[in-house]
Each structure stands twice: as C-alpha cells, then as structure tokens.
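Here is a short briefing on one structure. Look at the sequence and the model first, then read on.

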Amino acid sequence: MSEAKTMREAGEASGQLVFIVDDDDAQRDSLVWLLESHGHAVRAFPDAESFLAAWDGSFAGCLLLDVRMPGMSGLELFEELARRHCALPVIFITGHGDVPMAVAALKKGAADFIEKPFSAEEMLKMVENCLARESEERKHRRARTDTAQRLTQLTTREREVLDLIIAGKLNKQIADVLGISIKTVEVHRARVMDKMGVSTLASLIRRVVSAEL
Amino acid sequence: MQNADIQKTAVMANSAGEPLAAVLDGLEAAVYVVDARNGVILFANRAFQALHGFDAVGQVLRGLVVPLPERGDYRVDPRGIEAPDAPCELFDGELLQPRTGHWYHVREQAVLWVDGRVVRLGIATDITDRKKTAEVARRQEERIARTARLITMGEMASMLAHELNQPLSAIANYCNGCAARMQAGAGAEELLPVMRKAAAQAERAGKIIARIRAFVKKSEPRRRATPVAAILEEALALIEIDAHRRGIRLSVELAPGLPDVNADQIMIEQVLLNLVRNGFDAMKDALEDERVLMVRARTGGGHFVEIAVIDRGHGISEEGMERLFQPFATTKDEGMGMGLAICRSIIEFHDGRLTVEPNPEGGTIFTFTLPIEETVSE
C-alpha cells in the first residue's frame, strides 16, 4: 500500500492524471480502483459532455475513453478535443465488434486502443507509455513556447543579427550586410544570447531551430 | 443477286443523303435493314458494322444479336410476310451476345423498302449496364430477405457480448486492483468493499444471461401443421426467376396424398431455398441439357416426410462430404460457409435429419426429413 501511495503522490507531483470517460458505473469505478491500486492519480467522468465542460489546456496525463456511450460518443469527443488542440494521448476502450471504429480512431491520431475484456497488465503498460510520452512532449512544448516568448523580446535589429548568425554568417559579414560596425554587431550578439538565455552559439542555434520546427 | 443488292443499297444510302447517314452512324444503337425473305443485309449503320463486321452489307445475316427465324425467335416467321401485312411489329425482346456477354434490347419491324419488297428494320440497343444495375438491386433484396433472420441472431450475439463485457471487465479490474494492493500489504478493511462490488458485478452478469435465455425462448420456431406442397410452392416461387436466369429447369415431384408436417414453415423454406441454391451453384458449369434440379417429396420411413433436392452438378468429394456441415467450411468463392450448418440445426430442431449422398447419375442429393403432424404429442 505504501508503495502505491508514494507512486500516486509521484504522479500527482508531476501533475499527470489518468482521465477516464466511461458511462458504465461499474466499469468506471473499477477502472479507477485498478489504476489507483497501481499508483496513478485518476479523475473519472460519466460522459463526454462533463469531461468537455471540465477540460482546459492544463490537463496533463492521458485519457482512457470508452468508444460506445449514449449522447456524445467516444469518437466524437476525441474529434472535438482534436479541434481544441488537446494534446492528451487517448487510449480507446472498445467492446465486441468495435475494432473497425478503433482503427478509424488510430488513423485520426489516437494513441492506442484496448479491447474489453482486457488484461490489466496490458492496459497499465499502455497507460504508462502514454504518460511517459506525454511528459516528454509537454517538456518540448514548454521549451518551444519559452523560446517563442523570448524571440518576441528581441528588437528588430537584434532579430536581423540573429537571422544572420543562424544563416552561418561571421561578425564581419553581418556588419557588412547591415552596414554597421563589427563592434556594434558584437554588442547585439551578446544581447541576443542573453535574451535567449543561452551561453554558446550551438545552444542558441539548437533552441531557435527547434522552436521554429 | 448479291451484287445487285449492294448496288441498290449504295444508291439508297446516297439518295438518303449524307446528313441522314451521319445521323444513323452517330447513333449508339445498331440499326440494320434486312431482306425479310432471304436475310441479306441491305443497310447497316456504323454501330451495327462494329458488331458484325464492316463487310456486313450484302451478306446473309447470321446475326449475333439479332433474332433468327431458324432459332424460333419470331412468333410469325418474317420470311412469309407479304407486302400488304407491312408495317407490323416482328420482334421486341432482349438478346445476349454470347461472345462479349453484352445484352441488347432488339426491336424489329417489317416495313416496305424503297423498292417495294418486305424488309426487317431493326434497332439493337446495348442495355448491359441497365440490366446489371437491376440485377444487382434484385440480388441485394433477395440477400437481405434471406439473411434478415440470421442478422437478428447475429445482432443479439453481439449485444450479448457487449453487455456481458461490462460486468466481466469490471470484475477483472476490481480483482486485479485488489491483488496489487494485497501484494503491497493492504488490509481486509480496504479490500472488503471492493470484493463486494466485484461479487455484485458477477450477479449482474448472471441476470444478463437469464434475460438472453428468456429472449431466445420467445424467438423459438413456431411449429404447426403445414402442408408440404405449401412449403415447396412458396420456396420455389422465390427461386424460379433465378432458375430461369441460370438456364436451369426446376422439376418438382410431389407424391400425392402426403400428410401435413409439423414445422415452422418459414424456417423450412429457408432450408429448402438454401439447398436449391447450392444445387444451382453446383451446376454452374454443367451442360445445358443436364441443368435440371429436382425437388422430390414423398413419405419417408415411419412418421416422416422426406424432401430431397437432387442436382446434376459437379458433386462433392469424399473429403468435402466430411467437412460439409462444419461452420465456415465452404467450397464457394462468395460463400460464408454457414448455410449448411444452419440448415442442419434447423432440421434437427424439427427432430428430422439432413443427409447428403452422391447422385448415381452425377451430382449430389440432399435429403431432409420432417415429422408428420400426428406424431407430435403435445
């Protein structure tokens, strides 16, 4: 129990939750129990509508989603979330004969699907994979927004210098292109490095290029 | 004689004028004019020549997609028509061009030609596409009717699977969660309520099964006294068109004075349809005069009526006989392999037997028995 507790706390500390949307009370309740027993922090919803109402961009973790539900179906919720640029990886829970639906979902970018009745081990492995992937992607996303934010701090001249640095120009060439002295270029260059929060040319280029991808 | 005809035709084509010739050549339908007495082609537009050869004019029409008096295509032999009878309709029907598999709607009239003799003026329109569409629609309808009953069963099975999945996977989740916590040293007070939830889900599964049982019972076949002739008539009426289309002769041998059988008429009709269709399929490559399918009903041993479906088709190998009734075993390209297994269950439900044996004259004999009404004790 203590092991489970610490894992759960670790999950909560990282801010990742396993979200569940399933209309069947027993199914949902038992899934919560199973995931919590393996140390995951869980938040469950009885229908797609209540999940959408609660959802905001800060939701982190992954989503276990039942395909068949009265009202808004799992597939419809998935499509709506995609429209809202929700980055939560989605694992579809499918029943008998829903495989074609699941395949369609995979083609539209769902992370995975699992057919009921499923092995707990397999489901937990899927969830863990999704959580690891999502955490990684979120880190990248955060870095990208950070870089984009820093880029907006640059003056027009600094931006020009930065573009020429990335184009591989030497200080002398930059000075010629912009019609300013080498010394001025060096001053701009130092300011760019400072504002972008990097100390080497290599990390500056990596940062800007990966943000622009 | 022939040369003179060609010359006349050439003269007539000229006198008809180029615009009219262009119109006729532009038609997709084949247009032709034939001497009614000797069958020599006097005029043919481009579409007709494309079908019969560009040297068709002047030759005797041995047409591929035209009616022929020798074949008995006409009600009135056009060779005997005199000038005062014209104009009159000679032929209006559909013909198959065997080489290309195209169907043509052909209309012919007897008219007086410019020189006063009686000719057959014909126009043949390719209706292959139209025919195909109609055929596909008809087959679709038939298939829907035939499978409606099976679909209901299939849907029910799918519903049952889905409904049972819920409690079963909930039980698995509760138990797996408990196992993980027990391993981590959890106490009874933490696990007990969850074990109770799992037990409640097992009860839920039991109730679903009880509901299914009740449903199955309700949809059990309704057996009543049924005349054998009624079964045969209904089933064969459904398949007559199909037989005609495939060039198969259906022959029915109904022993006189047969007692009624105790059966669900619709279900037995399904069985009969299935067996007859199998017979048709087996005779796909049979010679024309061997394409006969016989349905024979007579008293079987004891209190049974025996109905046999006898084809003259390719027969079934010994190995095939063994696998015949297994679900999903099929020798047909588009078969599901469910037909015979279901037929057998239906017959056995009626306390009858479905057997198969080779036809000594080539082909296969399927025989099923049904109990006569009096033998059933309520």
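Which residues touch the most other members of the largest nonpolar core? They are A:F19, A:V21, A:L64, A:L65, A:I91 and A:F92, in a core of 45 residues. Keep in mind that this is a predicted model.

**Cores**
- Helix α6 (residues 120-152) of chain A gives the most to this core, namely six residues.
- A second, separate core has 35 residues, including B:I268, B:V271, B:F366 and B:L370.
- Leaving aside residues up to four places away in sequence, A:F19 touches A:R43, A:F51, A:F59, A:G61, A:L63, A:L64 and A:L88.

**The sheet in chain A**
- Five strands make an open sheet with parallel pairing, in the order β2-β1-β3-β4-β5.
- β2 (42-45) and β5 (112-115) stand at the edges with a single partner strand each, so one side of each has no neighbour in the sheet.
- On average, neighbouring strands are turned by 20° against each other, direction ignored.
- Strand β1 (residues 17-21) runs parallel to β2(A), and four bridges join them.
- A:I20 has A:A44 in β2(A) as its bridge partner.

**Helices on the sheet**
- Helix α4 (residues 74-83) of chain A packs on the sheet and touches β1, β3 (61-66) and β4 (90-94). Its direction makes about 145° with that of β3(A).
- Helix α5 (residues 99-107) of chain A also packs there, touching β4 and β5. Its direction makes about 170° with that of β4(A).

**A helix pair in chain A**
- The axes of α8 (residues 171-178) and α9 (residues 182-196) come within 9 Å and cross at roughly 105°. Therefore α8(A) is roughly perpendicular to α9(A).
- Their contact has four nonpolar, one polar and two charged residues.

Methods: Residues are numbered from 1 along each chain as its sequence is written. Chains are lettered from A and ligands numbered from 1 in the order in which they are written. This is a predicted model: local features need pLDDT of at least 70, side-chain atom pairs count only at pLDDT 80 or more; totals for chains, interfaces and linings use all residues. A nonpolar core is a set of buried Ala, Val, Leu, Ile, Met, Phe, Trp, Tyr and Cys residues joined through C-beta atoms within 7 Å. A residue is buried if 20 or more other C-beta atoms lie within 10 Å of its own, exposed if 12 or fewer, and partly exposed in between; C-beta atoms are placed from the backbone. Helices (H or I, at least four residues) and strands (E, at least two) are DSSP runs, numbered from the N terminus. Two residues are in contact if their C-beta atoms, placed from the backbone, lie within 7 Å. Axes are lines fitted to C-alpha atoms, for helices over the stretch in contact, and angles run from 0 to 180 degrees between N-to-C directions. Angles under 35 degrees count as roughly parallel, over 145 as roughly antiparallel, 65 to 115 as roughly perpendicular and the rest as oblique. Ala, Val, Leu, Ile, Met, Phe, Trp, Tyr, Cys and Pro count as nonpolar, Asp, Glu, Lys and Arg as charged, and the others, Gly among them, as polar. Two strands pair if DSSP finds at least two bridges between them.
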